Structures are given as structure tokens and as C-alpha cells.
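Here are a few friendly notes to read alongside the model. Take your time and find each element as you go.

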Amino acid sequence: MKHSNIPIFIPELACPHQCIFCNQAKISGQQVIPQPEDIPSIVDTYLNTMNDGREVEIAFFGGSFTGIPLDLQERYLQKAYKYLQEGKICGIRLSTRPDYINPRVIDLLKRYGVTTIELGAQSTNDDVLMASGRGHKSDAIRQAADMIHSAGFHLGLQMMIGLPHDTYERSRQTVEDIISLGADNTRIYPTLVIKGTQLAKLFELGRYTPLDLDTAVAWAKDFYLRFESAGLTILRVGLHASEELTHEKSLLAGPYHKSFKELMMTKIWAEILNKELNGISNKEIRLEVNPSQINFVWGYAGQNKKIFEEKGLTVKLQGDSSLSKYEMKIN
């Protein structure tokens, strides 16, 4: 069944702590913070376009929802909970920081039907967390994950790659920790240098170097495949396209691409094609793949067509819904 979120962004207000890399208003592209009384009009507008039987959740994103005062949290949740009671949505999800989870918060979220809590883990390496100004260590992630599981919520754990002091090995360990902590879903975000952040100052001083795009895509590919093999749902790879995320606006540096996931999937299929087409050259072939993968087989901007050209292959690509995601037939 198709699933959609009704996103309600509460940048900055919902995160009293300012991490070294963060400017939520710029990243989300939203400067105006919706008030609790604005929630019905936002939700109703979305629901009017989602009347095809899909599952719908209200999602409080941006900053850390549980970092705002409990009474204000409750006012937001009351507005969302009404739609859950009326059967117009199937759940409420929110994102927050690991150190903003405690028994009082858990009780409030249970009372108002929250189904999924996503934690911005970012990294499980204490050196990376400290260098990134997260304000907590990895034990806070583990404690919050345990509380969330014990209370019966679905757990999401987001990660960032290329943070200060990060390495491939440290990010890979974060992946393994996210899996071992029992996350149901995850997101993979590349670290960007946003104007007006502490990270921007370090970049301008030459004390921080972001990942280049090719490296970020390569890391994301490995981590994406590992999460898939462990059965996690990967909700997003890369950041949403935004007018703010341009060099003319707020982006100073870093591996941003509006089609980051497509670049990653192109790389996955390049490896599959090179392996499966090894030894095949100078002929016409028909490739059958799952229809959802056809664009990725060709690759972003036709990048993977070069593989066929180098082998002298004339390729006819067809969809076959009986094939699994990375399966292909050669005829």
C-alpha cells in the first residue's frame, strides 16, 4: 500500500541545542514556524490530495520536537491526534534528539498516538559526536533507543556521513550500531556546509573538508546496501531539493546533489552490470529488470550507457515485475 507523510516542519523552535552543522531553517527551506492552530489547515490541504486509499501519517520534522516545552508539544499533538481518532491518518511520527527522550516525554507521546520516533543519531562515534557539537555521547543514543523500544514505538535512526572527524570505518560502525539497536528505518544524509553555521567557520579556516560528491555517493551506496540486507527501510538518501541549497543562497560547500539517490542507484547498477556483462561484447542483447529499476540501469544522465558502449553492446531494456530489485535476465 502506498504511504505518504504530511510533513510539518518546526525548525529551530524545536531544537534549543545548535549543532555545528545545523541551520534547520535553511536546510528545510522554511523560515515561518507553523503554530498549533495552523495544523488543521495544513493537514486538510494535504488530505484533499491523498484520498486514494493510501496510508497517511502526520510527521513533525525539523529540529527536535521533544525539545520544546511539554505543554507546547501537547498542543501540537492534540491537533494531530484528532485526525488519528477520526481514522483520517494511520499514525503520527516525529524526529528528535536522543538526549531529548525521557519518561515524561515517552508518556506524552504514547497518550497522543505517536507511532514512530526518529532519532537523529548522526554517528555513534564519541569523537565524531564531540567534534560535531552534538552535546551528548553515544550512550544517549542507546538509552533513548531502549526507552523507545520498551514503550512500543517504531524506531528510526538517522545518520550523517562526512561529519568532522568522521571516516568510512566510523560511519560503517554507525551503520552496524543502527542495525544492532533494532531500528525499523533510517535515513542517510551527507554533511553539507551551510552558511552561518559553526561548520562554515571551520571550513573557511581550512579546518574542515567535506566529502566530495563521488566519495559521498560511494559511502552511501555501501551503507544503503547493508541496511537493505539487514531488513531496514531506508526512508531517504540525500537531502530534499530546496532553493536554499544552492551556492547562490545558503550552500557553501559539500556533496549536495538534487538527485543524490539516483546517483547512488546508478553506481549500484554500474557494479551489477559490469559483473553480469563480463565476457559479453559486440552483440545485441535484451536486458530484463524490475520496472522500478529501469531508470537506474540507464543511470543518471545516461551514465551507465557508457558501459554498454565500451562493450560494443546494443541493449534493449525491458521491465519484468517478477524480477527482484537487483535481479536481471540477459537474452
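1. How many of the seven residues of β2 are buried? Six of them are, so β2 is largely enclosed by the rest of the structure. Buried here means under 20% relative accessible area, with exposed over 50% and partly exposed in between (1.4 Å probe, protein chains only). Strands (E, at least two residues) and helices (H or I, at least four) are DSSP runs, numbered from the N terminus.

2. A word on the source: this is a predicted model, in which local features need pLDDT of at least 70, side-chain atom pairs count only at pLDDT 80 or more, and totals for chains, interfaces and linings use all residues. Residues are numbered from 1 along each chain as its sequence is written, and side-chain values use heavy atoms, leaving out hydrogens and water.

3. Now look at the whole sheet: it is open and parallel, with seven strands in the order β1-β2-β3-β4-β5-β6-β8. Strands count as paired if DSSP finds at least two bridges between them. β1 (3–9) and β8 (233–237) are at the edges with a single partner strand each, so one side of each has no neighbour in the sheet.

4. Follow β2 (residues 55–61) to its partner β1: the two pair in the parallel sense over seven bridges. Among the bridge partners, F61 in β2 goes with F9, and E57 with N5.

5. On to β3 (residues 91–96), which runs parallel to β2 and is joined to it by four bridges. Here E57 stands opposite G91.
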